[in-house]
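Q: I have a structure open and would like to go through it with you. Could we begin with the overall layout?

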Amino acid sequence: MPGSLLDIAINFGIHLEHACGGNCACTTCHVVVKDGNDGHLSEATDDELDRLDMAADLTTHSRLGCQAVVTGDIVVEIPAWNRNYISEGGASILGDAIPPPKKPHLVG
Ligand code: FES
């Protein structure tokens, strides 16, 4: 059964912030799709697009990890501002024991 990028990240132990618990109410799960955008992700809903407008460093390939459902191989990158915040000592909203990702991950 397909899952969201956030679901898959959690299942593989990859830290992806998700302050609102995956309810499309924040932008902390913002990812940038590097490959597989067209055919391997669900289409963004109006709610996702409205929320994404508030994301830092928005790109044409930005998605919310909690809303994008993966249907095939895909490569995403967590924006640098989010990685840097955690790696420079900023605590994760969900706890400080989860290491930040080091490079883009292939999921799907
Ligand atoms: S976790 Fe808040 S919008 Fe995705």
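This is a predicted model: local features need pLDDT of at least 70, side-chain atom pairs count only at pLDDT 80 or more; totals for chains, interfaces and linings use all residues.

Q: Which way do β1 and β2 run, and how many bridges join them?
A: Strand β1, residues 30-35, and strand β2, residues 62-64, run antiparallel and are joined by three bridges.

Q: What about β1 and β3, in which sense do they pair?
A: The pairing of β1 with β3, residues 74-77, is antiparallel as well, over three bridges.

Q: Which residue in β2 does V32 stand opposite?
A: V32 stands opposite S62 in β2. In β3, the residue opposite V32 is E77.

Q: Changing topic: how many residues are in the largest nonpolar core, and which have the most contacts inside it?
A: That core has 17 residues, and those with the most contacts inside it are L5, L6, C29, V31, V33, V70 and V76.

Q: Which elements give two or more residues to it?
A: They are α1 (residues 5-11), β1 and β3. The largest share comes from α1, with four residues.

Q: How much of the protein is buried?
A: Buried residues account for 27% of the 108 residues.

Q: Last one: what share of the contacts join residues at least 24 apart?
A: Among contacts between residues at least 6 apart in sequence, 76% join residues at least 24 apart.

Note on methods. Residues are numbered from 1 along each chain as its sequence is written. Two strands pair if DSSP finds at least two bridges between them. A nonpolar core is a set of buried Ala, Val, Leu, Ile, Met, Phe, Trp, Tyr and Cys residues joined through C-beta atoms within 7 Å. A residue is buried if 20 or more other C-beta atoms lie within 10 Å of its own, exposed if 12 or fewer, and partly exposed in between; C-beta atoms are placed from the backbone. Two residues are in contact if their C-beta atoms, placed from the backbone, lie within 7 Å.
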